[in-house]
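Q: I am new to this one and would like to know what stands behind each label. Could you show me the structure and then take my questions?

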Amino acid sequence: MTVTTYRNIKKDMVFRYLNVEPITAVAAVHSVGADGNCGFRAVSFDVYQDQAKWTTVKADMLKTYLKYKDTLYKVVDTDVVVQFEEQRMIKRLQSTKSPCLDDLHLWFSTFICPQLVADTYERPVIMYCYVENCLKTGEKRINYESQLYVPLINMQLADSSKPITLLLAFSHFYYVEFSHTPKGRMKKFNKPVLNMDHQRLRNDYPNLCNPTDYSVLF
């Protein structure tokens, strides 16, 4: 599968799906293969500079998940639901099925995967979402959502400026590449809000989380 890269801010429609100010902070948006594994492919495009290594990304994430599945990644619900969600997550990360467009449960979950990616690769993750809803009146309502996920366990301070940035629009994940200054620093832009579970997890598992709350860097 090929990667399609968009760089023209004015002409390429995909830039309209991003709520980034200024939009010139974005250097490119990369559309990876649309086989149902696009979320993992987008992460792989950043981490391994190759979308084809999405199964390696899954294997990396599975190691982290199994280590903390009873703590950091345990859903808050009844025992039956907890066990069900755990098995579904393991199945998702073990799957190498491609395409898997017919099974939504194998797709990259925006609920748990961003934090898992952040902890696995010890880098912040920015998740952008673009949602269009058509009202009964025929009016189109557009919602822009964005959240920041910061590693809970460990992160090198230098990696705080190297976010793995994903965009979800129309059930497809893209990888977002930010621009850098001549000195190599990422250009400034409006940072998304910190995801709501960050502080709860730090409070619930102080012995697992790093004493340094890396969210202060943002």
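Q: Where is Pro-99, and how is Pro-99 joined to Ser-98?
A: Pro-99 lies in the loop between H3 and H4. Helices (H or I, at least four residues) and strands (E, at least two) are DSSP runs, numbered from the N terminus. A cis peptide bond, with omega about 0 degrees, joins Ser-98 and Pro-99. Another cis peptide bond joins Glu-21 and Pro-22, where omega is about -5 degrees, and Pro-22 lies in the loop between S1 and S2.

Q: What kind of model is this, and how are residues numbered?
A: This is a predicted model, in which local features need pLDDT of at least 70 and side-chain atom pairs count only at pLDDT 80 or more, while totals for chains, interfaces and linings use all residues. Residues are numbered from 1 along each chain as its sequence is written, and side-chain values use heavy atoms, with hydrogens and water left out.

Q: How many aromatic pairs are there, and by what rule?
A: Rings of Phe, Tyr and Trp (its six-membered ring) pair if their centres lie within 6.5 Å; planes under 30 degrees apart count as stacked, over 60 as edge-to-face and the rest as tilted. By this rule there are 10 aromatic pairs.

Q: What makes Tyr-17 and Phe-170 an edge-to-face pair?
A: Their ring centres are 5.5 Å apart and the planes stand at 70 degrees, so the pair is edge-to-face. Tyr-17 is in the loop between strand S1 (4–6) and strand S2 (26–31), and Phe-170 is in the loop between strand S5 (164–169) and strand S6 (172–178), so the pair ties together parts that are 153 residues apart in sequence. Ring pairs also link Tyr-17, Tyr-130, Tyr-144 and Phe-170 into a cluster.

Q: Why is Tyr-17 called buried?
A: Buried means under 20% relative accessible area, exposed over 50%, and partly exposed in between (1.4 Å probe, protein chains only). Tyr-17 has a relative accessible area of 11%, so Tyr-17 is buried.

Q: What about the rings of Phe-108 and Phe-173: why are they called edge-to-face?
A: The centres of Phe-108 and Phe-173 are 5.2 Å apart with the planes at 70 degrees, so this pair is edge-to-face. Phe-108 lies in the loop between helix H3 (79–94) and helix H4 (113–121) and Phe-173 lies in strand S6, so the pair ties together parts that are 65 residues apart in sequence. Both Phe-108 and Phe-173 are buried.

Q: How do you know that the charged end of Lys-58 sits over the ring of Phe-40?
A: A charge sits over a ring if NZ of Lys or CZ of Arg is within 6 Å of the ring centre and within 35 degrees of the ring normal. The charged end of Lys-58 is 4.7 Å from the centre of the Phe-40 ring. Lys-191 likewise lies over the face of Phe-189, at 4.3 Å from the ring centre.

Q: Why are H2 and H4 called roughly perpendicular?
A: Axes are lines fitted to C-alpha atoms, for helices over the stretch in contact, and angles run from 0 to 180 degrees between N-to-C directions. Angles under 35 degrees count as roughly parallel, over 145 as roughly antiparallel, 65 to 115 as roughly perpendicular and the rest as oblique. Helix H2 (residues 54–68) and H4 pack at about 90 degrees, with axes 9 Å apart. H2 and H4 are therefore roughly perpendicular.

Q: And why do H1 and H2 get that label?
A: Their axes cross at roughly 95 degrees and come within 8 Å. H1 and H2 are therefore roughly perpendicular to each other. In contact terms (heavy atoms within 4.5 Å), Phe-40, Arg-41, Val-43 and Ser-44 in H1 meet Trp-54, Val-57, Lys-58 and Met-61 in H2.

Q: Why is H4 described as largely enclosed?
A: Nine of the nine residues of H4 are buried, so the rest of the structure largely encloses this helix. These buried residues pack against helix H1 (38–47), H2, H3, strand S3 (125–134), strand S4 (140–149) and S5.

Q: Is Glu-122 buried, exposed or partly exposed, and why?
A: Glu-122 has 30% relative accessibility, so Glu-122 counts as partly exposed.

Q: What makes Gln-49 exposed?
A: Gln-49 has a relative accessible area of 60%, so Gln-49 is exposed. Gln-49 is in the loop between H1 and H2 and has a positive phi of about 55 degrees although it is not a glycine.
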